[in-house]
Structure formats: structure tokens, C-alpha cells
Amino acid sequence: MTACGTGEGFGTVTWWGFSPAMDFQKQGLSTSMKALRSNEDGVPELNILMVGAGDSRHLLTTICRAHRWPTRKIHFYIVENNLELLGRHLLFLTIALERPSTMGLREKTELLLELFGNSLIRSQTATYLQERANDFINYVTDLDYFEKKLPMVDMSGLKFKERDQLEAIFKFWRDPNAKMFQISKLWDLRSRQYLGNRYDSKEGVYDWDLHMKLYDRGANVINNRQYYQWRDKGLAFVNREGLYDVPNKSLASGLLVNCKGEKIAARGFWGDIVTSPYVAFGIVSEEESLLKKANGIYVKTAQDISQHNVTALFHELVSKERYVLLPAKEEATLTEITDEDQDEDELKGASRTKDKATGENYLPLPDVNIHFLPLNCVTELHKKSNYQNLFNVIYFSCSMVHQLKPELEQIAAPRATLIVELTKFMLDMRSETLSRFAKRVAELGAAAGFLPVGIVDSDRDAFARFELKEDP
């Protein structure tokens with residue numbers, strides 16, 4: 001650590017991504033979509049390889065907006081460098097698939113964002129995490145039972161050792177003992193290590209990082225107060241008047257650290273403490289009214305935009321139509337509010353009765369399959385015949401781009417799209433470093449047979465896209 005800190009505020013685990021959520025069917029090139037192969041039923045199959053996405057923002061966005069596109073069977077193949085990330089993928093997916101009879105739209109949105117980006121959560125959220133963790137333990141130890149409950153998810157590709165480790169992770173999540181993961185102390189320790197002698201003037205550092213870095217890179221909708229609160233305490237989404245005092249154990253992971261010349265395993269918070277979770281869902285939106293200004297100040301915050309965007313996704317998943325933001329009512333009588341509550345309760349009651357009769361716990365996804373692959377296996381996939389020329393869209397996060405090897409060409413389908421996350425929102429990197437990274441990405445893509453699409457501006461673009469060149 002230098003006198004000015006470690007310079008590694010992004011951490012070693014990508015709990016949330018460094019780029020906005022995307023719909024792979026929208027970002028995939030039209031040539032890639034036209035080259036899709038059809039299954040025996042004549043339905044085109046879209047195979048997507050996600051390498052190091054970290055969170056589920058791209059996965060959920062693509063699934064929830066699938067109704068906007070021609071009918072396709074979508075297969076996701078997920079590779080991470082950390083098993084806790086696979087556990088969080090499963091957690092966020094089950095939240096998204098909770099039936100309306102079990103959980104309302106607002107409650108579902110707040111629950112996901114709270115677990116997604118908060119160091120501390122409410123007691124009811126912790127209870128939900130413990131209940132789901134208990135279900136997940138049953139899933140990973142009995143794949144037949146898992147298939148009955150979540151038939152769209154396939155864990156059979158994981159190694160036995162990895163499934164055993166996942167079971168241990170879920171048991172940790174299930175344990176209600178808050179002292180096992182004192183994240184507030186761990187967060188403060190990370191901040192002290194990162195800031196060094198700047199810790200005593202940390203608010204000035206927060207202000208500089210927000211105004212001179214995040215704002216300069218296009219995330220100027222992030223609110224001062226909310227960003228400072230997250231930098232200081234790790235609380236990004238405080239949606240209700242509640243007590244946020246339970247550690248979010250889904251943000252715990254292990255890391256080998258040096259201690260007196262020896263490497264020991266340490267559980268802690270090893271994720272981002274600089275950029276914030278707001279980038280994933282909170283800085284862009286299809287609803288343009290959320291990005292309006294009044295007197296030069298944004299009317300809505302990144303938290304408001306995150307909540308709207310996630311709500312819109314969950315609405316589309318159920319209704320198969322776009323979410324329309326209605327203007328707020330100026331007034332509502334007590335009778336109107338009571339009648340609305342009664343109608344919603346009646347709908348939920350009828351839906352619960354139907355769910356009990358069918359025995360279904362989660363919303364179905366008949367046109368989606370999600371495959372969890374072994375950790376860091378990308379460079380080995382070309383050795384297996386079932387992955388040869390398979391993937392139509394391939395996504396690499398900036399933290400996993402070192403695994404973009406020439407062998408990637410062998411698992412890419414004809415005219416495949418390669419999407420690589422750039423380092424635009426990694427605040428510890430200077431402009432010249434961003435440019436060098438984008439240049440290196442282009443070189444790696446070219447070595448794998450991919451040609452760039454358009455001109456990449458490393459200061460403005462969050463992603464670079466490439467197309468697999470045709471054989472001569």
C-alpha cells in the first residue's frame with residue numbers, strides 16, 4: 001500500500017458490473033441473429049456465453065425483454081471466477097421468478113436491489129436470504145429435485161467439488177449469526193487500506209471521485225448524498241423506513257491473503273468500494289422522463305432510476321408488454337386507496353389458490369435455459385465437441401478479458417458477436433490506461449478472429465463489439 005492507498009478500489013470479486021445492463025438480443029449484431037440455427041421444432045436457438053458478468057443484470061434484462069423479439073430458444077452459459085457469484089445468479093433469478101401471488105412488484109424490486117448492492121439489509125430481507133439458501137442447499141445436493149423446482153437452470157456442468165463448495169456457501173448464508181460476517185468493520189478496513197492517509201479527509205475524496213471521475217464519465221445522475229452514504233457505509237438502496245442492520249452475507253467471499261509471509265484464506269468483503277452498484281441499473285433508462293433536470297439538477301436519483309428499471313423488467317417478465325410510467329395522481333381519497341388495496345388482495349388470493357393447485361413455486365421460462373459452467377473454464381471449452389461453433393453472442397467482462405484467447409474462434413458460431421466490457425467506470429484508471437485497455441481488447445479480439453464493429457471511444461463507450469470474420 002502506498003501513502004495514498006492501494007489504488008485497487010474495484011476489488012477482486014465483481015459483485016456488480018462496471019457497465020449498464022444490456023439486452024443481448026439488442027446488442028447482438030443482426031448478422032449473428034440471421035445465422036442462428038433452428039432446433040427440431042423449427043425454433044431458432046440463441047446461445048450466449050457470459051464470461052465474468054458478475055451480477056445478473058444482462059441475464060435478467062435479456063430474459064425479461066425476450067418478448068420484444070421473434071421467438072427464440074435462448075441458452076445462457078455462465079462462467080465466473082468465483083462460486084459466490086454463481087450463488088448470487090441463482091438468488092437473483094429466483095427473486096425475479098417469484099410469482100405475483102407470493103411477492104408484489106415493488107417488494108420484489110426492493111428485495112433484489114437491497115441484496116444486490118447493500119452491505120447491510122433489513123431483518124425480513126435476511127430471513128428471505130436464509131429461506132432461499134435452505135432451498136439452494138437442497139438443489140445442489142439433489143439435481144433431480146432441482147430440475148423439478150427450477151427446470152430452466154442446469155448445474156450438472158459444475159464439478160462435484162464446486163457443488164460441495166456451493167453447498168458450504170449456502171449454509172453460510174443460512175446461518176443467522178451476524179457475527180460471522182461483520183461487514184461494517186470489513187468495509188471500513190477496506191476503505192482505510194484503499195485511502196491510506198487520505199482517510200481522514202475521505203469526504204473530499206468521495207466528492208472528487210464523484211464529480212471529477214463518475215460525472216466526467218457520464219454517470220452524473222448519481223446523487224451526492226446517496227453516493228457518499230454508499231462509500232461510507234456500503235448502503236446503496238435504502239428504499240423504506242427500515243432498520244438496515246443485518247450483514248448481507250451474499251457479499252461474503254474468501255481470498256488468500258499474505259500474513260507474516262504465509263498465505264491464509266480470509267473471508268471478507270473483497271468487492272468494489274469506489275464505483276458503486278448504481279452503474280448497473282441506475283444511470284440510463286428507456287424512460288427519458290427520469291433523466292430530466294430542473295434548475296440544472298436531475299429530478300430523479302440513480303436509486304430512483306434503478307428502482308424503475310428493475311420494476312420495468314419484472315413487469316415485462318409477467319405481462320409480456322412494456323412498462324409504462326403513469327403520471328402520479330395529485331390526490332387520492334381514502335376510499336379509492338382502500339378499494340385498490342382490496343382489489344389487489346383479492347387478485348393475490350385467487351392467484352395463490354391457483355399456484356397451490358398446480359404446485360408451481362416459480363414463474364415458468366419455457367424458452368430459456370441457463371447452464372452454470374465450471375470456474376474459469378473458457379480456455380478449455382474448445383476441447384469439448386458440444387461447444388464447437390456453438391455461441392452466437394459471447395460476452396467478456398473487463399475483469400475476465402485475460403481469458404479471451406485465440407481458441408475462442410473454435411467455440412464461436414458463424415458470424416458471432418463478441419461484446420467486451422471496457423474499463424470506463426473503473427475509477428482508478430486514468431484516460432490513457434482506458435485507451436490502452438481498449439487497444440489491447442481489439443488485439444485479443446483480432447487474434448481470435450473477430451473484427452471490430454465501429455470505432456471505439458474508450459472515454460465514452462462502456463462496451464466494444466466485434467464480429468467473427470467469415471472464412472475466405
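A residue counts as buried when its relative accessible area is under 20%. The close-ups below all show a predicted model.

**View 1. Arginine 65, a buried residue in a loop.** The relative accessible area of arginine 65 is 17%, so this residue is buried. Arginine 65 sits in the loop between α3 (57-64) and β3. Its contacts, leaving aside residues up to four places away in sequence, are Asp23, Glu286, Leu313 and Glu316. Lysine 320 is 255 residues from arginine 65 along the chain. Even so, the C-alpha atoms of arginine 65 and lysine 320 are separated by 7.9 Å.

**View 2. The second largest pocket.** The elements that give two or more residues to its lining are α1 (24-27), α12 (278-281), α13 (302-319) and β15. Which element gives the largest share of the lining? That is α13, with five residues. By type, the lining holds 18 nonpolar, six polar and 13 charged residues. The space in the second largest pocket is about 780 Å³. Rolling a probe the size of a water molecule over the atoms shows where such empty space is left.

**View 3. Strand β2 and its two partners.** Strand β2 covers residues 44-51. Six of its eight residues are buried, so β2 is largely enclosed by the rest of the structure. One partner of β2 is strand β1 (residues 37-38), which pairs with β2 in the antiparallel sense over two bridges. Arginine 37 has glutamate 45 of β2 as its bridge partner. Five residues lie between the strands in the hairpin of β1 and β2. Glycine 42, in this hairpin, takes a positive phi near 80 degrees. Strand β3 (residues 73-79) also pairs with β2. Here the strands run parallel, joined by seven bridges. Asparagine 47 is bridged to histidine 75 in β3.

View 4. Strand β13 spans residues 412-421. How many of its 10 residues are buried? Eight are, and β13 is mostly covered. Strand β12 (residues 391-396) pairs with β13 in the parallel sense, over five bridges. Tyrosine 395 stands opposite isoleucine 419 of β13. Strand β15 (residues 463-468) pairs with β13 in the antiparallel sense, also over five bridges. Leucine 418 has phenylalanine 466, in β15, as its bridge partner. In a regular strand, side chains alternate between the two faces of the sheet.

**View 5. Helix α10 and its buried side.** Helix α10 runs over residues 202-214. Its buried residues are Lys202, Val205, Tyr206, Asp209, Leu210, Lys213 and Leu214. Why do they lie on the same side of α10? They cover an arc of only 130 degrees around the axis, which puts them on the same side. Helices α9 (183-195) and α11 (224-233) are included in what covers these buried residues.

**View 6. Threonine 125 in helix α6.** Helix α6 spans residues 123-141 and holds threonine 125. Is threonine 125 buried or exposed? At 1% relative accessibility, threonine 125 counts as buried. Beyond residues up to four places away in sequence, threonine 125 touches Leu111, Glu114 and Leu115.

**View 7. Two asparagines with positive phi.** Most residues other than glycine have a negative phi. Asparagine 295 has a positive phi of about 55 degrees, although it is not a glycine. Asparagine 295 lies in the loop between β9 (293-294) and β10 (297-298). With a relative accessible area of 83%, asparagine 295 is exposed. Asparagine 389 also has a positive phi, near 50 degrees. The loop between β11 (368-372) and β12 holds asparagine 389. Asparagine 389 counts as partly exposed, at 37% relative accessibility.

Definitions and conventions. Residues are numbered from 1 along each chain as its sequence is written. This is a predicted model: local features need pLDDT of at least 70, side-chain atom pairs count only at pLDDT 80 or more; totals for chains, interfaces and linings use all residues. Side-chain values use heavy atoms; hydrogens and water are left out. Buried means under 20% relative accessible area, exposed over 50%, partly exposed in between (1.4 Å probe, protein chains only). Helices (H or I, at least four residues) and strands (E, at least two) are DSSP runs, numbered from the N terminus. The arc is that of the directions from the helix axis to the C-beta atoms. Contact means heavy atoms within 4.5 Å. Two strands pair if DSSP finds at least two bridges between them. On a 1 Å grid over the protein atoms alone, a cavity is a set of points where a 1.4 Å probe fits but cannot get out, and a pocket is an open set with protein on both sides within 12 Å along at least five of seven lines; lining residues have an atom within 4 Å of a point. Grid points are joined across faces, edges and corners, and a volume is the space filled by probe spheres set on the points. Ala, Val, Leu, Ile, Met, Phe, Trp, Tyr, Cys and Pro count as nonpolar, Asp, Glu, Lys and Arg as charged, and the others, Gly among them, as polar.
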